[in-house]
Structure formats: C-alpha cells, structure tokens
Amino acid sequence: MQLDERPDIRAEELLRDRPAQPLAPSHGDGRDDGQDDGQDDGQPHGLYRLGVGYGRLIYKLRWVVLALWVVGLLAAAPFAAQVSSVLTGSGYSFSGSESVKVNTILADKLHQPKTTLMVVFQSADAHVDDVSYQLEVNNFISAAKAYPHVSSVVAGGVGQDQKTTYVAVNFSASPGSDQQFVSDFKQIMPQGADATPARAYLTGAAPVSAAFNQLSQHDTEQAELKGLPIALAVLLIVFGSVVAGLLPLLLAAFAVPVALGLIYAIAAHSSMSVFVLNVASIVGLGISIDYSLFMTRRFREELARGRSVRDAVGWTVATAGEAILFSGLTVMIGFIGLMLIGIQFMTSFGVGGAVTVAAAALAALTLLPAMLGILGPRVNALRVPILWKLVGVGEKRDLSGEEPTAAEERGGFWRKLALGVMAHPIIVVALVTTLLLGLGWPLLSINLGTPAITGIPRTVEARQGNDILTAQFPETNTNPIIVLAQTKDGSSMLSATNVAKVAQLTQWLNAQPHVSGVTSITQFPGDPQAPTPSLAQLEQLYGTGAYQQAPGLGQLVAQTTSGDTTVITVRADAPIDSATSKALVDSLRAGDNAHAGGLQASIGGEQAVSLDFSRYLYGNFPRAIIFILVATFLLLLIMFRSLLIPLKAIIMNALSVSAAYGVLVMVFQWGFGQKLLGFESEGFVESIIPILMFCILFGLSMDYEVFLLSRIREEWLKSHNNRWAVARGLEMTGGVITNAALLFVIVTGAFTFTQLMVTKEIGLGMTVAVLVDATVIRTLLVPATMRLVGRWNWWLPGLPTPPKQVDERA
C-alpha cells in the first residue's frame, strides 16, 4: 500500500482537501511541463499554446476548411461508390508456399485451366436424357465453346436424381474483375424461356469471389441503414439537441467516403481484399462518431465556462484534440502492424484501415473544429425539450475559479463509482481479472480454418450450385490432396524406372490413415475392385507408347503427366480444416520423399493451401505484436510522461482482446448462438480473424484509454492528488465514454447480423471488445489499478518523483 493511499481517508475528506483553484503543474524544479490547461487565468501555457493557437487558426479559416472538405468529398464520392469493383474476394494463400508452387507447376506444365466455371443444370421433373433437356444443355455448350479464352468445355455425367448434370468450362486466361467476368458470362447462360426445363446455376472460384464482393457491399449498406438511425436517436439523447446530434454523423459522412475514395485509388494499382470495405465502414463510422462526441462535448463545456467561440474552439482542440490525435495514432499503429505480416491480403487491411483512421482523425482535427466555429452557440439549437433539461450543459460560468456548488461538490454517479472502486481496489482487480480470464479461456482450444463457400448464405446462386453439385456428384467435392512428383534429372516420368517409383509412392499413400483413395498413373480411378494391369504391364504400356491406344488410359496420362512431372490425387475421409486433415498433410510431407524412391514430391491442394497460409500468417504474427506493443508503449510514454500507465494500458488491452477471442471461439467454433446470428458453425474460427482482431482492437481499445487517462492527467496536473484526479477524470469522461461505446456497439452490432461469416466475426469481435473495454475495464479496472499504484502512476525515470499528496501520512 502506498503512503498516499490511506484506507481511512473518507471521500468527503478527499474532496474537501482538493484545491479550490486549479494548480499550475510543477515538477518541483521550477520548470513548466507545458501540460497545464491555463484555466487559472484563461490563457494558454506551455504546449497548450500550440494547440490553442492551431484551434484559433482553424476558427479563422473555418470557411476555407469547410470548402476544401466539400471539394474533397465531391471528388471522392464517385470513386467511393465503385470501390467494391476494384476489390477482390480471394487472397487466402501465401505465394511462396509449397502448395501454391504446386498449383503454379500444374498450370504451367500440365496446362491445367487458369479458371474453371461450373454450370449446374437441375430440373424439377425432367430427366437429363429428355430431348428438351439435352437441347438446352447442348445450346449452352455451343455458346460456351465460342466464348473468349475458353480452352475446353467438358460435359459431366448424370446426377443421382437423374435430373441433374453439369458442364465445366475451362479458361486459358484468368479474368480481370471477377464481378464483371461473371456478369458477362451469365449472358450466354439459359435465362427466361430458354431455361426450360432445367435451371442453370453458375458456381466456381470466380462466382464465389464475385458473391463475396456483392455481399460485402450489400452487408455494409444494410448495416449502415440499420445502425445509423439508431445511432442518431442515441446522439439526440446524448446531446439533447438536433444540431449537436447530427454533427457526428455529418463528420462520418465526410470522412468515410473520402477514405473509400483513397482506397479505390490504391486498389486500382494494388490487390486489396473486399473485406477492407467492411473494416473501413465499421472503423470509419465508429471512430468518426467517437471523435465527434468527445470534441463536441468539450466544445459545449468550454462555451458553458463563458469562453468566446474563438477561444472555445482553441481550447477544445488543445484538450480533446490532443487526445484525438494520440488516439488516432494508436489505432493506426495497429493497422500498420498488419502490414508486417508479409501477405498482400493482410497488407490491404492495414493500408485500408490506416487510410480510414487518418481520414477520420484529420476530419476531426480540421473539419469538425471549423463546423463548431461556424455554429458557435447554435450547436445547441433545435433542442429536444425534455432531453435538454436532462443532459444540457447548464448556464455559463466565468473563469474566475469560484467555489463549486453543493451539487458539484457531492459529485455524480461516475465520481461515486470511482471512489467506491478505489475503496476496495484489490477485490475489484481480482474479480475483474478472473472474469476476463474466464471469457478468454476458450481461446486455448481455438481451431483455425480458411473460409470456404459455406461462408456465404444458401440463398446465393454460387452456393446453391455448389450444394447441388456436392449432393448429386459427391466425387466432385472431395477436396483432394495433390501430390506432385517430379524427376530430379529431368527424365521422362513414363520410363520404367520412374513408373516403378510412382507405384511405390502410390502404395505408401494408400496405406496412410484417413486416405480413402489414390489416383495415379499406376492406380486408376473408378472401382478399386476392378482388375488393373500389373506393374510390369504398365511399364510396357508406357515404355512403348501403347497406352495411347487405350482411350481411358491415354486421357488419364494426358491429364496427370507431362515430361518429368506427374500428379497423384489423394482423397481423404477427414473434413477440410479439421485437425485430422491438417495432420494428414503434415504426415504426407514428412514421409513423401522418403517413399518416392528418389522422386521430388510436393504437397498441394486446398487443405495444404489453407494450412500453409495459416502457418505463414502466424509465423509472422509475433513481428506485428512486438511492433504494436513497443510503438504503443512509446506513444503513451510520450503522451502521459509515465512509465507505469503505458504498461498497465497494454496489459488491460491484452485482457480485453483475449475476452473477445474467447467469445469468438464459443460462438463461431462451438456454435453457441448460431441460430440467433443466422449461421451454421463450421467448427473453426477463420484464420485471419485473430490477427485482424488483435491489430484492430488493440488500437480501438486504447482509444477509450487515451480519452480517460488524458482527462485524469489533466486533473492530476491541477491538484497532484491521485485519488481526486481519478475520480474527477472518470466523472468528466465516464458518461461520454459510455455513450461513445454504445454508439460504436450499435455500428459493430449491425455488422454482426450481416450475411458473410467474416463480417459477422469482425462485427462480434469488435462489439465484445468495445463493451468489455468501456464498461468493465475503464470503469472498474482502471480506477482500481490507479488507486493501487498511487502517485507512482505519474513517475518517469529522469524526472522528479511525484509530490506527496494532501492526504499522505507524514
């Protein structure tokens, strides 16, 4: 227990002993640290001169600033409206991985198609062999063969219900834009009267990617339509006036489109994920509202103190503006951390998020002060009668530092809460830490996976086509593991020696657990009980070229073998991204070359791509973590000139993020609440989510930390009384932080009920983290830890020890 934290000091004594006049901050060595608010004489001192001077400059140029932002908005709006067209729904792979190299070799050496579209035909009553059915399919095949860049068109068989078939359309070139590619191709598909008797469904990688793009944009629009009216209603309650309530949404209306316009410009020259659109909308709306709330609240407070509009703008920028600047930097640090992962997919999130935060912070520090300067006292116009009486800022008071009223002396709910928490800090810390660790406990059993087509709703055509294909042709959806075998000396894979080596490798693959089938040039597809040629016969067929006379065998060799390369397809009975499936890939990689007889074997396929992607992500994740922790610590060290406050903030943020992780595991991996949120659990959390959440949430959670602690420090510099500073700081910011968190949760909560799984996970993760941060941590854990550490909260090596306090023992 610290000497300045006597448990027998009552709240009344603490409040009685605080200075009636604000004290000029001093370090005991006669120098000013530049952080006092200058309210003792109404004039700025130290670094506050810079902030107030900047605010007064914005006031002077307020119409110019507004005009520049209007021009910027008009220039960005057309591009913001088209941003989804330049974003991509793919990117879940690491280009340098073994599995991606396998795919590249398959395309180059075996001339496998760059893109394949699957057109699935299904009729409610007509059989595939009906004349009208065959006419519809054949007409489509003819049109597809004449379509640009089509290398081949392959008709499938008949489905189990005898009413379903499919056509695979292979392309020799990859499309530019998936959305445009899919839209153009649909023009040759049976539509209207031509879609008789079967309906055609388009599925495959490109249609799924296009669906992700369309749904992402639709989800964003719907979430905004649902969340913004609720946010406006809350803002009216918070401010009690229509004009003040509209300002946060007005700021977002400028900042978000400008950010999306900049993202469009970047995405036009560099690959960016479509999910950047969701993150930009969530973060852009959320922090724009947060920043507006804090700055508008402080502006009204300064007006109520009797300042002129010019000085109120200056002081608002110098106080709330400083907190917004540092808050924006902390959030940007998290997004910059994403750029250190080393995958373009994550880099795009980092760039998009950083651009969005920069636009919101810039708008809050330029446009918003300009609008406040233009409005002046009219910021309180169009008052809502009953609400204004409840939340109004009250009558003006001059700056003479008169004694507070009796009501002010008693304090409100937030001051009483802070004092109550500080009366029992150890108990509060123990209970809150236990709660947060309990919420984070499921993180220990997290299972990561890569999103598949099941991540989009069943109502989407690409999903419907895939589901029909899977049900009617189970063999098309086995997600096989690809074993690529190559000779080291460049010799033909069809030589007798190499055929024997392939046979040896095939036999070993057959013997592996969870392998249900293997296809190679020595083991043919089809009925495993059917007779197959002996190894000697195969060597003869391949050595003499006689295999070309057998149509089935010739087709198999043409599809799987070229020169020194052959492909072996392994089917497994384990679901993709399950622990068993991942273990099988690892097992095959550990023993493939040892059993290949000298061939060079590599493992590919969807499961291998997913596994390589996740491992590369998390192999580089520590770099991002270290950068974020160190950069955040240094930034808070500069802002608060304290060693312990940044350390505590980082620890508390880690607890908040772990709690969000735990809830994500419970909901999306274990399936709790899946009916409420409208999804079906796939048994894993998407691999990008933990990294994305850590980098985003660490900055967003620090947002409220900065606002609370900046006000606490402001009070500490006036009084040098730790308990008074904490109580007063929470009293002045507790309500606004709670309101800001409520508004942020309205925005993120709307995204939780969207259609895409990734968007749901991002929305829920942010919602949980913000709720935990703004309620449990900021109102309970922060005051309790500040009480335990006492005046040493404000200690920094090299500076004088914080002064003893008025209630400290002699």
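A contact means heavy atoms within 4.5 Å. The mean pLDDT of the protein chain is 84, with 88% of its residues at 70 or more.

Some ground rules. This is a predicted model, where local features need pLDDT of at least 70, side-chain atom pairs count only at pLDDT 80 or more, and totals for chains, interfaces and linings use all residues. Residues are numbered from 1 along each chain as its sequence is written, and side-chain values use heavy atoms, with hydrogens and water left out.

The protein chain has 27 helices and 11 strands. Of its 810 residues, 56% count as buried, meaning under 20% relative accessible area; exposed is over 50%, and partly exposed is in between (1.4 Å probe, protein chains only).

Next, salt bridges: a side-chain nitrogen of Lys or Arg within 4 Å of a carboxyl oxygen of Asp or Glu. The whole structure has 21 of them. In one, the closest N and O atoms of Glu-302 and Arg-307 are 2.6 Å apart. Glu-302 counts as buried because its relative accessibility is 0%, and Arg-307 is buried at 6%. Both belong to a salt-bridge network that also includes Arg-298, Arg-305 and Glu-714.

Which side chain meets Arg-589 in a salt bridge? Asp-612 does, at 2.7 Å, N to O. Arg-589 lies in helix α21 and Asp-612 in helix α22, so the pair ties together parts that are 23 residues apart in sequence. Arg-589 is partly exposed at 21%, whereas Asp-612 is buried at 12%. Asp-586 and Arg-615 form another salt bridge, the closest N and O atoms being 2.7 Å apart. That pair also links helix α21 (residues 579-591) to helix α22 (residues 606-640), with the partners 29 residues apart.

Last, helix α17 (residues 461-472). Its 12 residues reach 16 Å from first C-alpha to last, close to the 16 Å expected, which is 1.5 Å times one less than the number of residues. Its buried residues include Ile-468 and Leu-469. The buried residues of α17 pack against β1 (115-123), β3 (164-171), β4 (198-204) and α7 (205-239).

How values were computed:
Helices (H or I, at least four residues) and strands (E, at least two) are DSSP runs, numbered from the N terminus. pLDDT is the predictor's confidence in each residue, from 0 to 100.
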